[in-house]
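I opened a new notebook page for this structure. My plan was to look up a few places and write down what I found.

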Amino acid sequence: MPRLCALCSTQRPILKRPKTGQQICKDCFFYVFETEVHNTILEAKLFQPGDRVAIGASGGKDSTVLAHVMKTLNDRYDYGLELFLLSIDEGITGYRDDSLETVKQNQKEYNLPLKILSYNEFYGWTMDSIVEEVGRRNNCTFCGVFRRQALDRGAAMLGVDHIVTGHNADDVAETVLMNIMRGDIARLGRCTAICTQGEDTIKRSKPFKYTYEKEIVMYAYFKRLTYFSTECIYSPDAYRGHARSFLKMLEAARPSAIIDIIYSGEACEVGEEATKELKERKTCKRCGYIASNDLCKACTLLEGLERGMGNAGITDRGRKQLEASGPTPDGLRTIPFFQMNASTPTDATSSVTTSGQGSGARISPVVDVSAG
């Protein structure tokens, strides 16, 4: 007698869930996948009716599945959310330019408004030009810092209350391992949070916090979703890759390792001694974004690039060298001043200012594709 689905006991199974080991049919897989995400959203109380929510869309499997599931759940359970797609063009030739075409296709398929912003518009640099300047060793630091601020700025332009990203269980477990390997106990105590928000930043959350990457791939495959599967050409040199390789070995030996690591991170209690290492949050004197020093990380990195000192914002030694080099020369590009909800939702322009020269040159509007 043929084996039947472990859940419905009527159809033949076509897959074995990496997360639980259950052999289930396609319809049951769709149901449990979506229901688990729905339960995560409810338990964490991520949304309120009427929230304007931006989905961080890169065109990859995680963000594509997130957009599909968020729209599905919003319609099915009447969350009452207004959804948008928000994409950041880092300026990586042969990677991001191709993946953005996938995002535009997703916009048509899901009928959601899309806004695309670029590093070049905000910072005057692309990732290609940054890598040419600093090499591949620390390029992911630039990308991560610039991307986070660009997402907040894009969300402020859209007037949204909330950004959701496709970070999955594997990503969260990798972050826990990275903080352990670096001895960063202060960040270990907060890296498993499903939702983060500061007084001067937009709320961010990870609906896929407990969702395995393998199951996201399987969902995208069986749903036949359109997504871009090529890895970033600069990511193989990232430190995260070591944590990822280690996690895959653990998962092969024990599939529950991913979720167990997350639970372990959640259970960590960080003492006062560790939290003292965290600097007091300030506001960047130059661009108005959150900072732990007089200048935020993005402004420090950008000034270093502009002054030919690419590693100035990477290490304390580099920062001291930058400070010792004297006042910021006039004419260097700086980041436009950031204010929460400073723009109306229809305002799709931004500018790059030059230090000591007022507003500087006006740049072209961001791509703004409306649904429907």
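**Entry 1: a cut-off, then Thr230.** Buried means under 20% relative accessible area, exposed means over 50%, and partly exposed is what falls in between. The model is a predicted one. I found Thr230 in the loop between α9 and α10. I then checked Thr230 against Ser99. The two are 131 residues apart in sequence. In space, their C-alpha atoms are 8.5 Å apart.

**Entry 2: the whole chain.** I stepped back for the overall counts. The protein chain has 14 helices and 13 strands. Its length is 372 residues, and 49% of them count as buried. The accessible surface of the chain comes to about 18000 Å². Carbon and sulfur atoms hold 49% of that surface.

**Entry 3: the annotated binding site.** I went to the UniProt record next. An unreviewed entry there carries the annotation "binding site" for Gly56, Ala57, Ser58, Asp62, Ile88, Gly166 and Asp171.

Where is Ala57 placed? I found Ala57 in the loop between β3 (52-56) and α2. Its relative accessible area is 7%, so Ala57 is buried. I set aside its neighbours within four places in sequence and listed the contacts of Ala57. They are Ser63, Leu85, Leu86, Ser87 and Val103.

Asp171 came next, in helix α7. Is Asp171 buried or exposed? Its relative accessibility is 16%, and therefore Asp171 counts as buried. Not counting residues up to four places away in sequence, Asp171 touches Asp62, Gly166 and Arg240. Asp62 and Gly166 are among the residues that the UniProt annotation covers.

**Entry 4: helix α2 and helix α9.** I needed a way to describe a helix pair. Two packed helices are described by the angle between their axes and the distance between the axes. I took helix α2 (residues 61-76) and helix α9 (residues 213-223). Their axes come within 10 Å and cross at roughly 65°. The crossing of α2 past α9 is left-handed. From α2, the residues at the contact are Lys61, Asp62, Val65, His68 and Val69. From α9, they are Glu213, Ile216, Val217, Tyr219, Ala220 and Lys223. I sorted the residues of this contact into six nonpolar, one polar and four charged. Asp62 is in this contact, and the "binding site" annotation in UniProt covers Asp62 too.

I stayed with α9 for its buried residues. They are Glu213, Glu215, Ile216, Met218, Tyr219 and Ala220. These residues pack against β1 (15-16), α1 (26-44), α2, α7 and α10. Just after α9, I noted that Arg224 takes a positive phi of about 55°.

Then I looked at Met70, in helix α2. How much relative accessible area does Met70 have? The value is 0%, so Met70 is buried. Leaving aside neighbours within four places in sequence, I found Met70 in contact with Ile41, Phe47, Ile55, Leu81, Leu83 and Pro207. I also checked Met70 against Glu34. They are 36 residues apart in sequence and 9.2 Å apart in space, C-alpha to C-alpha.

**Entry 5: helix α5 and helix α6.** I looked up a second pair. Helix α5 covers residues 127-134, and helix α6 covers residues 139-158. The axes come within 10 Å and cross at roughly 145°. This crossing is right-handed. Met127, Ile130, Val131 and Val134 are the α5 residues at the contact. They meet Asn139, Phe142, Cys143 and Phe146 in α6.

**Entry 6: helix α11.** I listed the buried residues of helix α11 (residues 257-267). They are Ala257, Ile258, Ile259, Ile261, Ile262 and Gly265. These pack against α7 (169-182), α8 (185-188) and α10 (240-253).

Entry 7: An unreviewed entry lists residues 283-309 as "domain: Cytoplasmic tRNA 2-thiolation protein 1 C-terminal". The span is 37% helix and 11% strand. Its end C-alpha atoms lie 24 Å apart.

Notes: Residues numbered from 1 in each chain as written. Predicted model: local features only at pLDDT ≥ 70, side-chain atom pairs only at ≥ 80, totals over all residues. Heavy atoms only, no water. Helix = DSSP H or I, 4+ residues; strand = E, 2+ residues; numbered from the N terminus. Buried < 20%, exposed > 50% of the residue type's maximum accessible area, 1.4 Å probe, protein only. Areas by Shrake-Rupley, 256 points an atom, 1.4 Å probe, with all protein chains shown as cover. Axes fitted to C-alpha atoms, helices over the stretch in contact; angles between N-to-C directions. Left-handed = near helix turned anticlockwise from the far one by under 90°. Contact = heavy atoms within 4.5 Å. UniProt positions renumbered as here; feature names shortened; annotations may be inferred. Nonpolar A, V, L, I, M, F, W, Y, C, P; charged D, E, K, R; others polar.
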